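Hi,

Here is the structure I promised to pass on.

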Amino acid sequence: MKHRNTTSRIAVGLSGGVDSAVCALLLRDQGHEVIGVTLLLHDTPSLEGERPREPQTPSAQAAAVAEQINIPHHVIDLRERFESEVLRPCWGAFERGTTPNPCVLCNPLVKFHGLLNAAHEYGCDAVATGHYARVTPDGQLLRGADTQKDQSYFLHALDTETLARTRFPLGGMTKPEVRARARQYGLASAEKPESQDVCFGDAESHIAEALRQRYHGQALPGVITDEAGNVLRRHDGIHRFTLGQRRGLGVATGQRAKVISISTQDGTIVISSRPDASCRQTCSAEHVRWHGEPSPCGASVTAQVRYRQKPVAAIIEALSPAHRTVSVRFTEPVFSVTPGQSLVLYDGDRVIGGGVIR
């Protein structure tokens, strides 16, 4: 791969949104030869009775962007891979009463896999996306400069080799700066609303039910109770709930209640209005990918268990012999430590590792 300061041919993941469009334009204006690549990932799951959404809308929008900025555009069909690597595993997780993070799964297994293959096919030296993150020349992943938009949490599972071939031109910018640049260029997407973090649905409950219908899954119904065991109502499936959830509970307690327990045995959902009811002091994660040498027991880190959650100081308490499982203790209780989500560890702005919460 050529040195980052030289011009090269770069495959840019083009979604049709403002971020990927400005990403492509910035690279083009730096003198690079830019090739737009849109990854066709899915036919959006929809609930029974819903009106189907327009097919391939992101591809059409991306094609319009490519035409406007005068770069080649290719569409790569990855629907089968997305089905096997993301959609099916996500339903399996929902069915088990956990809450998967589709973006964390998709980035290494589908999106960047597809972009790197496209880069090879079209003779590109590197790939680039509109993520708000930064990467050093040797493949170290850093937070984006915009703390409100930083997406390093979603990218922690990428390996160093992938990161070393990746560029994030928006990593040093804020969202308002990106929109201002889009207006300067006269991009049609300059005022386009924010897209969902999950690219194939809306709320987690919507995604879970859409996937259940897609795979003809069996819902585990049960009851919603308070902490004293009083039954508040029945529900039609644990897949519709996640720890810490406040909305869509369908009960009126007079206080702001949240889910604190989900039973995979009998489907019982327990809710509570106690402020600390869904907080935990410890967390364990498995399938950990380290960026560099694993941090030893006793090391001080900062940690996140949710995207956009405030980073919390933590101490590494335990490591498995192969370093694939890690346990941490937070210096303050953390809200909604949810199995299936990711625990991501940082040293300042640098991502040092992350895995799936057990």
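This is a predicted model: local features need pLDDT of at least 70, side-chain atom pairs count only at pLDDT 80 or more; totals for chains, interfaces and linings use all residues.

**Helix packing**

Helix α3 (residues 79–95) and helix α4 (residues 102–121) have axes that come within 10 Å and cross at roughly 170 degrees. The axes are lines fitted to C-alpha atoms, for helices over the stretch in contact, with angles running from 0 to 180 degrees between N-to-C directions. α3 and α4 are therefore roughly antiparallel (the cut-off is over 145 degrees). On the α3 side the contact (heavy atoms within 4.5 Å) is made by R81, F82, E85, V86, P89 and C90, and on the α4 side by P102, L105, C106, L109, V110 and H113. Split by class, that contact has nine nonpolar, one polar and two charged residues (Ala, Val, Leu, Ile, Met, Phe, Trp, Tyr, Cys and Pro count as nonpolar, Asp, Glu, Lys and Arg as charged, and the others, Gly among them, as polar).

Residues are numbered from 1 along each chain as its sequence is written, and side-chain values use heavy atoms, with hydrogens and water left out. Helices (H or I, at least four residues) and strands (E, at least two) are DSSP runs, numbered from the N terminus.

**The sheet**

There is an open sheet of four strands in the order β9-β8-β11-β10, with mixed pairing (two strands pair if DSSP finds at least two bridges between them). β9 (231–235) and β10 (258–262) are at the edges with a single partner strand each, so one side of each has no neighbour in the sheet. On average, neighbouring strands here are turned by 25 degrees against each other, direction ignored. β10 pairs with β11 (residues 269–272) in the antiparallel sense over four bridges, and V259 has I271 in β11 as its bridge partner.

**Aromatics**

The count comes to three aromatic pairs (ring centres within 6.5 Å; planes under 30 degrees apart are stacked, over 60 edge-to-face, the rest tilted; for Trp the six-membered ring is used). F112 and F168 form an edge-to-face pair, 6.5 Å centre to centre with 80 degrees between the planes. F112 sits in helix α4 and F168 in the loop between β7 (166–167) and α7 (175–185), 56 residues apart. Y153 and F154 are also edge-to-face, at 5.8 Å and 80 degrees. Y153, F154 and Y307 form one aromatic cluster.

Cheers

Methods
Angles under 35 degrees count as roughly parallel, over 145 as roughly antiparallel, 65 to 115 as roughly perpendicular and the rest as oblique.
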